[in-house]
Every structure is written in structure tokens, then in C-alpha cells.
Amino acid sequence: MDPTEPRLISSVERGVATVVIANPAKRNAMTTAMWRSLPELLERLAADPAVRALVLTGAGDTFCAGADISTLREGADTAQDLAVAAEDALAAFPLPTLAVVRGYCVGGGGQLAAACDLRFAEEGASFGVTPAKLGIVYPASSTRRLVALVGPATAKHLLFSGELIGTERALRTGLVDEVLPAGGLAGRVEEYVRVLASRSLLTQAAAKEFAGGRTDRDAHWAAEARGSGDTAEGVAAFLERRAPRFTWTAGPTG
């Protein structure tokens with residue numbers, strides 16, 4: 001395969017799925033084909049029992065510079081619909097997700113990062129929401145997700161101006177959760193996802209739904225907890241001073 005061909009690269013190692021956005025000629029901009037392929041890729045990874053968490057990152061020193069602008073010539077509405085579908089699929093991924101950001105995280109790249117549960121960034125990264133530069137109406141669902149992360153004032157600043165902000169302001173406003181010095185991001189991510197993979201998937205799955213605002217699954221998760229054995233294992237492991245061996249996995253309906 002041509003290494004310069006725009007594509008999404010996926011791998012699974014030690015319970016962690018990694019998806020790499022790769023379009024080196026255009027700062028990892030997302031093409032129409034990449035937007036189309038992401039939901040299907042996420043569906044396959046969610047169905048893999050070996051996967052306990054997902055990392056989304058960009059190839060090289062940039063996360064994602066947004067949508068490939070040339071795709072807008074095919075129709076801005078079509079391009080936006082594909083981006084929203086991909087963003088929604090990422091937000092709905094049933095396991096913990098972590099965006100790992102270096103360099104530019106702009107436009108559609110910001111949509112993808114915001115759709116992850118958490119965002120870790122390297123110092124010097126730049127963030128921007130830039131539809132005002134192109135006369136595009138930012139999707140309602142994406143706007144609401146951005147507001148939930150950073151609050152109305154910062155969301156309006158980003159959307160109104162299209163200006164880029166650095167990691168200091170991104171951390172202060174809640175757009176990112178941790179900022180690491182150059183050279184420190186990879187080690188911190190490896191450490192953190194190892195922790196995620198060791199924890200109770202039952203706890204994580206329920207917490208993800210509740211934090212997302214779902215209010216109709218209390219009885220479901222109570223029943224899952226009673227039948228899972230995870231609580232008994234967690235308590236026993238704590239008392240015996242050993243690492244727990246959690247066994248709950250999501251069924252076909254989650």
C-alpha cells in the first residue's frame with residue numbers, strides 16, 4: 001500500500017485499539033472515504049472481545065487538520081453529514097476512548113477529539129473550530145458537544161472567530177484533560193490506557209452512559225451488576241491485596 005495514501009490505520013495490542021488518522025500530504029485531513037470508513041471500523045473494534053479501550057491519534061506530528069477542503073466541492077452538506085455520522089459513531093463507542101493530540105487539531109479533527117471521552121495533548125498543540133472561515137453552519141450536535149466540554153462562552157469564541165488556541169487555554173477551558181511536555185505524551189498514554197484496560201468494564205460502560213445523560217438504564221445496569229461477579233471479585237482482590245480479574249463483558253445489545 002502506498003504510505004502516502006489517505007487512510008485510517010487500526011491495531012489492537014494489550015486490550016487497547018489504536019486508530020491512526022493518516023493523510024501526511026494534508027496534515028491528516030479527513031477525506032470522504034475516511035469519514036465513510038470510520039463508523040464501520042469502530043463497529044468492528046467494539047465487537048472485538050480483546051478490546052477494552054480505544055486511542056485515536058494522528059500520524060506523525062499532527063492529529064488532524066480537519067476535513068479535506070477539496071471534498072466540499074462534492075457538496076458541503078454531504079461532507080458534513082459524513083463527518084457527523086463518524087463523530088456520532090465515535091461518541092457512541094461503548095468503551096473508553098482517548099484522543100491523543102499532537103500539532104493541529106482543527107475543524108473536523110476537533111469534532112473527532114470532542115467525541116472522545118478524554119483528550120491528552122502535547123505542549124504546543126493547537127485547537128480550532130473553523131467553520132466561520134468557510135461560511136459553514138457547524139452541526140447542532142457538534143455544537144452541543146463542544147458547549148458541554150468548554151461552556152457556552154468558549155464555544156462561541158471558537159465558533160465565532162475560528163481562531164486557534166494553545167494547550168494552556170485548552171486545558172483551562174476543559175477542551176483537554178491533560179497536557180504533557182514534548183516527549184512525555186506517549187509514556188503517559190501507555191500508562192493510562194493500561195490502567196483503563198485493568199479496570200471493570202462494567203463500571204466504565206455504565207458510567208459512560210450515565211455521564212452521557214442517559215436516564216432510562218438504571219435498572220439494566222443494576223441487574224448487570226448483580227449478575228456480573230465484578231463487585232465480588234473487586235472486593236476479594238482488595239482484601240487479598242492482589243490485582244482484580246474482572247470478567248464482565250457487554251452482550252450483543254450492550
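## Basis and terms

Two strands count as paired if DSSP finds at least two bridges between them, and helices (H or I, at least four residues) and strands (E, at least two) are DSSP runs numbered from the N terminus.

The model is predicted, so that local features need pLDDT of at least 70 and side-chain atom pairs count only at pLDDT 80 or more, while totals for chains, interfaces and linings use all residues. Residues are numbered from 1 along each chain as its sequence is written, and side-chain values use heavy atoms, with hydrogens and water left out.

## The sheet

Three bridges join strand 5 to strand 7, and the two run parallel; Tyr-104 stands opposite Ser-126 in strand 7. These strands belong to an open sheet of three strands with the order 5-7-8 and mixed pairing, in which strand 5 (104–106) and strand 8 (165–166) are the edge strands, each pairing on one side only.

## The cavity

The structure holds one cavity of 30 Å³ or more, a cavity being a set of points on a 1 Å grid over the protein atoms alone where a 1.4 Å probe fits but cannot get out. About 120 Å³ of space lies in the largest cavity, where grid points are joined across faces, edges and corners and the volume is the space filled by probe spheres set on the points.

Of the 15 residues that line the largest cavity, Gly-110, Ala-114, Val-129, Leu-146 and Leu-175 are the closest to its centre; lining residues have an atom within 4 Å of a point. Helix 3 (108–115), strand 7 (126–128) and helix 4 (140–150) each supply at least two residues of this lining, with the largest share, four residues, coming from helix 3.

Methods: On a 1 Å grid over the protein atoms alone, a cavity is a set of points where a 1.4 Å probe fits but cannot get out, and a pocket is an open set with protein on both sides within 12 Å along at least five of seven lines; lining residues have an atom within 4 Å of a point.
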